[in-house]
Amino acid sequence: MKGEAEKTSFPKVLESPWKPDKDKEAPPDNLYGEAMDEATTKRRASVAEGQMKHNKLGWKRLTICLIVEAIALGSLSIPSAFANLGMVAGVIMTVGLGFIAIYISYIVGQVRLKHPHVQHYADAVALIWGRFGHELTSVMFVLFLVLLTGSHVLTGTIAWVRIVDQPSLCALIWGFISAILLYCLALPPTFHEFAILGYIDFVSIIAAIFITMVATGVAASNASGGLSAVSWSAWPPADITFAKAFLSTTNIIFAYSFAVCQYSFMAEMHTPHDYVKSIWALGLIEIFIYTLTGAIIYSFVGSDVSSPAILSAPKLVSRVAFGIALPVIFISGSINTTVVGKYIMGRAFPTSEVRYVHTKKGWAIWLVLIAGLTIIAWIIAEAIPFFNALLGIISSLFISGFTFYFPALFWFSILKEGKWNANRRNIALSVANALVLPIGVCVLVCGTYASVEDILESYKEGSVGGSFACSSSQYEG
């Protein structure tokens with residue numbers, strides 16, 4: 001393993017923390033030799049036990065983990081994207097970006113198969129950009145996932161405010177309760193264990209979407225003029241601005257951004273080659289759910305559809321739907337904290353059994369770490385009055401890389417064997433990645449511009465609330 005590291009010129013800090021210490025010599029044979037041997041044996045046995053614990057993930061549970069990461073309440077923002085893009089463009093974008101996401105995920109997985117030491121996204125970027133790339137991507141990775149957890153704090157607050165329907169109660173209470181639930185659900189230290197929660201998560205979001213579809217359909221049928229009077233269109237509104245249209249496009253892109261955590265999940269697979277089954281299963285499920293959700297609810301509600309679409313249902317039904325959606329809000333939010341926690345544990349304790357979280361010390365550190373990450377997410381979410389718009393900027397800055405231009409660069413720098421036109425496979429994949437690369441740059445530039453415009457527009461309209469707001473009206477949507 002040591003020779004392998006030298007051969008590929010990886011800095012020692014970026015070597016796999018999972019490799020055994022084969023190059024270490026046995027303790028010296030002296031007065032304390034026997035005790036040292038015993039301690040070393042126990043430590044290595046503990047590490048081996050931890051490795052086994054973190055090597056149980058199969059492709060079916062990987063699919064569930066990816067579903068938890070990808071399909072959250074944000075799927076109910078797709079109808080509002082259709083309202084801005086029109087039915088035709090909305091369907092084309094949803095289906096097209098779905099298949100691009102499957103391809104990107106395939107490329108991401110191939111890097112892991114070729115370089116098994118890759119545990120998280122930053123390790124993959126280090127292969128092309130060295131130490132600088134590793135540290136830069138680490139910051140992007142941690143910041144993005146912590147902010148995602150913060151977005152679920154706010155979504156949880158919106159849900160509780162709607163369900164309880166007691167405007168006199170301070171909304172900060174619901175934010176605090178949401179943070180506690182996110183903390184508790186993030187505690188399972190392995191994705192094999194976390195996947196159990198994923199089944200509940202999936203049933204929750206499907207039920208919430210179904211209830212919203214039925215409720216909005218019934219309301220449209222009972223309204224004056226019936227379904228034929230609904231103001232949906234095959235084409236974008238005549239007064240749509242570029243910023244608003246592109247912001248809707250980034251909402252769809254964001255819904256497919258499951259590649260960011262793929263390396264973290266694959267690191268626990270006992271048969272990594274099976275990941276292809278998972279990405280096809282997830283990708284097709286996402287395309288099916290997003291396309292039907294966007295098209296059906298938009299055709300029932302029309303151009304005034306809210307985001308999330310649950311808010312477009314009659315108030316009583318939306319309260320029920322939010323109640324059913326609570327599991328997906330908190331389970332999908334908590335997995336981001338779990339991924340970040342595992343990344344930090346691996347960096348902080350690269351050769352210690354502590355990072356496997358199966359000793360008293362490991363559990364103590366894990367509990368404190370997850371609490372710290374959740375508190376930071378809660379503070380940021382409550383302190384920044386335009387947090388959702390800020391998340392849009394961060395998504396454009398980071399998802400453009402994680403989902404588009406990094407994978408394209410992986411192909412040209414790591415996976416491509418020989419010249420780009422050496423054979424049919426190289427030609428096809430080189431052309432595909434040459435198209436994916438500018439998509440990433442476009443999302444980076446145009447998405448950031450659209451998000452900044454959205455913030456400025458919100459300030460002009462006076463719709464930006466305050467920090468640590470207690471008023472429930474700020475969360476009523």
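## How α5 and α9 cross

Let's start with a helix pair: the crossing of α5 and α9 is right-handed, meaning the near helix is turned clockwise from the far one by less than a right angle. By class, their contact has four nonpolar, two polar and no charged residues; here Ala, Val, Leu, Ile, Met, Phe, Trp, Tyr, Cys and Pro count as nonpolar, Asp, Glu, Lys and Arg as charged, and the others, Gly among them, as polar. This is a predicted model, where local features need pLDDT of at least 70, side-chain atom pairs count only at pLDDT 80 or more, and totals for chains, interfaces and linings use all residues. Residues are numbered from 1 along each chain as its sequence is written, and side-chain values use heavy atoms, with hydrogens and water left out.

Helix α5 covers residues 87-114 and helix α9 residues 242-255; their axes come within 10 Å and cross at roughly 35°. Those axes are lines fitted to C-alpha atoms over the stretch in contact, with angles from 0 to 180 degrees between N-to-C directions. Who meets whom? On the α5 side you'll find M93, T94 and L97, and on the α9 side T249, I252 and I253 (contact means heavy atoms within 4.5 Å).

## A look at α13

Helix α13 runs over residues 360-383, and its 24 residues reach 35 Å from first C-alpha to last, close to the 34 Å expected at 1.5 Å a residue (1.5 Å times one less than the number of residues). Its buried residues include W366, L369, I370 and E382 (buried is under 20% relative accessible area, with a 1.4 Å probe and protein chains only).

## The whole chain

The protein chain has 15 helices and zero strands, taken as DSSP runs (H or I, at least four residues, for helices; E, at least two, for strands). Of its 477 residues, 51% count as buried.

Terms used:
Buried < 20%, exposed > 50% of the residue type's maximum accessible area, 1.4 Å probe, protein only.
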